There are 2 protein chains.
Amino acid sequence: MTDASRERAVGRRRPRQSDIARVAGVSQAAVSLILRGTPSGMALARETRQRVLDAAEELGYVPDPVATRLASARNAMLGLYTFSTTFPTDVAHSYYPVLAGVEEEAAAQGQDLILFTGSARAAARAQDPAAVRRVRVADGCLFFGRHVPEEPIRRLVEDGFPFVYIGRRDEPGVPYVGADYVPASAQVVARLVAAGHRKIRYLREHDQAPASADREEGVLKGAREAGLDTRGLVAPTDGADADALLGGWLAEGVTAVVVEQTDTGAALAGLGAAVGRAGLDCPGDLSLAVLGAATGTRGRAPGGGAAFSGFDVPMREMGRDAVRLLLELIAGSPGAATRRLLPCEPVEGGTIAAPRPPKKHT
Amino acid sequence: MTDASRERAVGRRRPRQSDIARVAGVSQAAVSLILRGTPSGMALARETRQRVLDAAEELGYVPDPVATRLASARNAMLGLYTFSTTFPTDVAHSYYPVLAGVEEEAAAQGQDLILFTGSARAAARAQDPAAVRRVRVADGCLFFGRHVPEEPIRRLVEDGFPFVYIGRRDEPGVPYVGADYVPASAQVVARLVAAGHRKIRYLREHDQAPASADREEGVLKGAREAGLDTRGLVAPTDGADADALLGGWLAEGVTAVVVEQTDTGAALAGLGAAVGRAGLDCPGDLSLAVLGAATGTRGRAPGGGAAFSGFDVPMREMGRDAVRLLLELIAGSPGAATRRLLPCEPVEGGTIAAPRPPKKHT
DNA sequence: CTGAAAGCGCTTACAG
DNA sequence: CTGAAAGCGCTTACAG
């Protein structure tokens, strides 16, 4: 068989190890050993190795990740499963920087990413274990999203499949990388108090997620530490009732509002609009603070060009660190804790000022 | 061996078809047939099938996706190779909707996406053929990006690897899904002419990409068809010299400017700023048209709140169609043409008006 | 130092 | 109608 006819015989089909073996005149197993650079592979005759390497190059060989994985080795592929579309229609979607961080670190670590298209449909009937189960084609998987099917995840835990949540989770034993909202939120309240505010309100969305629970906990903690009255402090909203809420608060003498910023941005958008309609100046008439905008995607205060005061969520870093943790889990050697909370950077911003009328400082 | 001890022997390990086979007293292959509900599976004795189904249920069997994919010779994984980071830092990056379309269609077709991260960067700084070759782990691959290494791609063509470009390409034989810029651009000129403009300029970026070439071709075509003088019509810019260009044009009596919108948005941004600095009203003093903003991410005209007149690039649809075409290629049965141009939807917008002073219409 | 064999968990022809 | 066999493309012991 000539080289030419041999190549033709291989045809359109992807080259595999046995093709290389035939060309190089060695066994298929030897090809595997040599290509992977294992000790036993390196021990083979230098000239043999070169022949194999050349043949692989010439044929354009690339290992089949599925076969590799089945034969129980590593893929160098990390899964990314978002419980919603990965590329949301809303371009400014708040969790985007997380994905950028994931991609960045994966690239740095030489890992490719498999996007498990959580077919909007699958999310709806998300209890379908098969949908989640296919993440096994990767060495490990990152999960991301507020609404998470519990049952399929539990199975993954049982099977010992390595995965990491992006965002804190309540379920015991589940590794995650989240943001440390409690102290960050408490500190925002402390700043308001330091500026002279005593009548504060916290506007949060109607949403049950660990991130929301943590922010509220932090706000309450901050209020208590400052000796503030926490009755009526927390006000859930969907954004539509902002005018009424704002009106009531002004009448009560509220001078500062803390707002939760989440995916939808509904609470902040609603309040911002209400402030505008009421013709209020921020921070002149009312101080505002926002809990958790993504770094670099912060909004602007109503009317002014000032950035919101509050803190940033280290989304990019969360993505990066989640990749690192996942890789540690895959290697079987989690270096540090497997449940991590990253600090949120305070943002000075320009929406906090002393309350009007200015209180005389003692 | 009792049933109990057998079950214990199976232990923590996930149940597989051979376990079911043992319990139900049939062959492993029969289990596969029955579980998959194939014709041959359905043909088996009703009672036998029930026994297998029961055993599967009892053991909590779920098929291993890795093995399934290996055996069925399809990975159900499509590559997505972007010649830059997939998740760009700039959230408003213009090609984002394409990715959304890709994800959407992939999900609908039950395909997962492999993001080639590390390799992308390596390819960029090395023209490293090995980097691009890695895409062969997928069943096929989508390529996307302006700056594309040619050599590795040629290699893929030779090997018969299925792939599709998103965006028109000049290389013969390369399948693509692009936008039909020529007629869309010509039509924009026609609209300007219909509004009474005779002195028009086309501002394009310094960039050699098929998309840019097509737009220019369309503008020239439109101008010729309207009997306009095409000398001096086209002006390349990097955005920095906008003031000078604008000044010159006004002196010449130019009443309308067509601008190319690309990734960077430099041309449009530069001109918009210049118009603002000159204190001009748009479209009162100058009509503007933009060639190719992504649907839903259009900018706003300087000063006013009006959307730019021009056309939309059907980015989302390009992404979707590229997935469809790729799947056809993988199946070996391209239904329609393998080089497709999708129509661009005209955008009425609010930046085209009759030139001032109004010309008397004959 | 080298090669042949078994196995990962499935699917799919192909004999009885 | 049913079952045993081969094969998907790899890895990893294990003989020579």
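The face of H13(A) turned away from its buried side carries two exposed residues, Ala244(A) and Ala251(A). Please keep in mind throughout that the model on the screen is predicted.

**First stop: helix H13 of chain A.** Select residues 242–252 of chain A, which form helix H13. Next, colour its buried residues, namely Ala242(A), Leu246(A) and Trp249(A). Because these three cover an arc of only 65° around the axis, they lie on the same side of H13(A). What do the buried residues of H13(A) pack against? Display strands E6 (200–205), E7 (234–237) and E8 (256–260) together with helix H14 (266–277), for these elements of chain A are the packing partners. Then move to the residue that follows H13(A): Gly253(A) has a positive phi, near 90°.

**Second stop: the nonpolar cores.** Select Leu142(A), Ile200(A), Leu142(B), Ile200(B) and Val258(B). Within the largest nonpolar core, which has 91 residues, these five touch the most other members. A second, separate core contains 41 residues, including Ile114(A), Val135(A), Phe83(B) and Val135(B). In soluble globular proteins, nonpolar side chains tend to be buried together.

Return to Leu142(B) and show its surroundings. Residues up to four places away in sequence are not counted here; beyond them, Leu142(B) touches Gly79(B), Leu80(B), Tyr81(B), Val102(B), Val164(B), Ile166(B), Ala322(B), Val323(B) and Leu326(B).

Which helix gives the most to the surface near DNA strand C? The answer is H3(B), with five residues. Helix H3 of chain B spans 28–36, and helix H6 (65–71) of chain B also supplies at least two residues of this surface.

Now turn to the DNA side.

- Select Ser32(B): an N or O atom in its side chain is 2.4 Å from a phosphate oxygen of DNA strand C.
- Select Asp64(B): one of its backbone N or O atoms lies 3.3 Å from a phosphate oxygen of DNA strand C.
- Select Leu70(A): a polar backbone atom of this residue is 3.5 Å from a base oxygen of DNA strand C.

Methods: Residues are numbered from 1 along each chain as its sequence is written. Chains are lettered from A and ligands numbered from 1 in the order in which they are written. This is a predicted model: local features need pLDDT of at least 70, side-chain atom pairs count only at pLDDT 80 or more; totals for chains, interfaces and linings use all residues. Side-chain values use heavy atoms; hydrogens and water are left out. A nonpolar core is a set of buried Ala, Val, Leu, Ile, Met, Phe, Trp, Tyr and Cys residues joined through side-chain atoms within 4.5 Å. Buried means under 20% relative accessible area, exposed over 50%, partly exposed in between (1.4 Å probe, protein chains only). Contact means heavy atoms within 4.5 Å. A polar contact is a pair of N or O atoms within 3.5 Å; within protein, one must be able to donate a hydrogen and the other to accept it, and residues adjacent in sequence count only if both atoms are side-chain atoms. Helices (H or I, at least four residues) and strands (E, at least two) are DSSP runs, numbered from the N terminus. The arc is that of the directions from the helix axis to the C-beta atoms.
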